[in-house]
Amino acid sequence: MEIKKNYINGQWQAAHSGKTRDVINPANGEVIGKVTDSSAEDTRQAIAAAKAAFYDKGDWRRMSGPNRADMLYRIADAIKARVEELALLDCLDNGKPLREARADIEDAAACFRYYAGLIGKPQGGVYEVPDGFGPMHAYSMHEPVGVCGLITPWNYPMLMATWKLAPALAAGNCVVFKPSELTPLSSVALFEIFHEIGLPAGTANLVLGTGPDAGQTLADSHDVDMITFTGSTRTGQIIASAAVGNLKRVGLELGGKSPNIIFADADFEGAVEWAMIGVFFNQGQVCSAGSRILIEESLKDRFVARLAERANAMTIGKGLDDPDIGPIVSAGQLDKILGHIELAKQQGARLVCGGERYTEGNCAKGYFIRPTIFDNCTSDMAITSEEVFGPVVAVQTFRTEEEAIRMANDTPYGLAGGVFTNDGARALRVMKELRAGVTWINCYNPTFNEAPWGGYKMSGYGRDLGVNGLLEYQQVKQVSINLQPGPVGWYTR
Ligand code: NAD
């Protein structure tokens, strides 16, 4: 089996230690690939390559925005041309249903296209300034931050990579990218595309390895000017404290325990289906998952019964068969979810459906879990406060709008939230009070390259996507110009 390698300074190269890591198909536990397993030394080499490319060679940062955009458009075209191949990689590696994997790849191509478009649009501004020193004129320009370390999780391998790589490269940075050690295969394919289209050597470097080795080295390095991270809140805290050493810029997209608020007047079948999309899409391994359903008391029994009926009817199987629910990403994550389920039962939540591993048919060796609903949940239970990151939802009830808002915000997280109601003014009132960065009215989870994505509170800071996503990777330089060179008469002696 070919060992997939790091991509450093335009070359494919194995880790110095010669160590490798197996890539596992979560649908059956089989090895589907081997990748090099990088140490701190390999990571430092990649950082040095990015640093030399940015500061010494400077060809990428000096390239005009429109010319960089040309390269990004070519990357987008190459991704589009390989949709099936790339979707298959994420489907096998992560376990996600094939149609979800395809949508991710299409979206990744669109993301490169979006940032290619954006970098050709006006950057910076021109300012009217007072003329105390004589006639002056000021403008601002956007410049790349420098060497960026990008670290991503396993739940959307291609998409999370793209959300960071596309704006970072559009802005003219040089990067070292470390994908999750669990799902590295589509990232390798993406860097093959970078190689094919001729991105200048050292501009984008790929390091395959674990968090404590490769990831931590990026966070610690004083040669890295910025670190952007998507992953758990705990790891985000470690990265933020490591970044203090050289005060590197930090962007953190972290976990959540997001409320999905459903009022009794909402469109019933619509709210049920969106609630399913909210918590079962991608096996619930979605940072924004609507994993707390807060429902008006009068609707609760009917809603939970219908949700359970539909959850029980969902097909479960390997991603390639395009079921509703695929496997969980790894044996470790499966155990973690089963642990959350056990604890919820012990703490008195009522198990409505699911709650166990699924081993029927050809799923015996895979890491499958039935979609799970807990009812009668209270705010002192772990199931309403801790992120499960699996197809598990906790249902709580409220009586008034004020109570719904209070319960929704009663969490250290602030990533996402949804509200379902046919009362438009109420929807907007609730939205205004939600302490969350990504919100939906009468839908849950749709995400757009055009709109900013990120959290409040312990769900992190900084934004991916949209114009804000580009600004994250840019410095702003002020340039003030004296329009009448010569003495100004400020000092008279
Ligand atoms: P994780 O924090 O375990 O790992 C994420 C990445 O960080 C991996 O690449 C890992 O190797 C690396 N890492 C681990 N320890 C590190 C360290 N000490 N220094 C540097 N890097 C390190 O998270 P995960 O289990 O891969 O992903 C699930 C988490 O990601 C969930 O909490 C989820 O909510 C979050 N997530 C957030 C968003 C968002 O946009 N807010 C999106 C997707 C996932």
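Mentor: Gladly, and let's begin with a term: a polar contact is a pair of N or O atoms within 3.5 Å; within protein, one must be able to donate a hydrogen and the other to accept it, and residues adjacent in sequence count only if both atoms are side-chain atoms. This is a predicted model, in which local features need pLDDT of at least 70 and side-chain atom pairs count only at pLDDT 80 or more, while totals for chains, interfaces and linings use all residues. Residues are numbered from 1 along each chain as its sequence is written, and side-chain values use heavy atoms, with hydrogens and water left out.

Trainee: How many residue pairs are in polar contact across the interface of domain 1 and domain 2?

Mentor: First, the two parts: domain 1 covers 3-254 + 459-478 and domain 2 covers 259-441, with bounds from an automatic or database domain assignment. Both residues of a pair must be at pLDDT 80 or more, and the number of pairs found across the interface is eleven.

Trainee: How much area do domain 1 and domain 2 bury between them?

Mentor: Buried area is the accessible area (1.4 Å probe) that two parts lose on being put together, summed over both. Carbon and sulfur atoms carry 56% of it here. In domain 1, Ala-27, Trp-154 and Ser-459 lose the most area to domain 2, together 24% of what that side buries. The total for the two domains is about 2100 Å².

Trainee: Which residue meets Arg-99 in a salt bridge?

Mentor: A salt bridge is a side-chain nitrogen of Lys or Arg within 4 Å of a carboxyl oxygen of Asp or Glu. By this rule there are 29 salt bridges, and two are found across the interface of domain 1 and domain 2. For Arg-99, the N to O distance is 3.3 Å, and the partner is Asp-322.

Trainee: What is the distance between the closest N and O atoms of Arg-82 and Glu-196?

Mentor: These two residues form a salt bridge. The pair links distant parts of the chain, 114 residues apart. The closest N and O atoms are separated by 3.4 Å.

Trainee: Which residue has an N or O atom in its side chain 2.6 Å from an oxygen atom of the ligand?

Mentor: There are 29 residues around the ligand, counted when one of their heavy atoms lies within 4 Å of it. Polar backbone atoms also take part: that of Gly-231 is 3.3 Å from a ligand oxygen, and that of Leu-254 is 2.7 Å from a ligand nitrogen. The side chain you asked about belongs to Glu-387.

Key:
Helix = DSSP H or I, 4+ residues; strand = E, 2+ residues; numbered from the N terminus.
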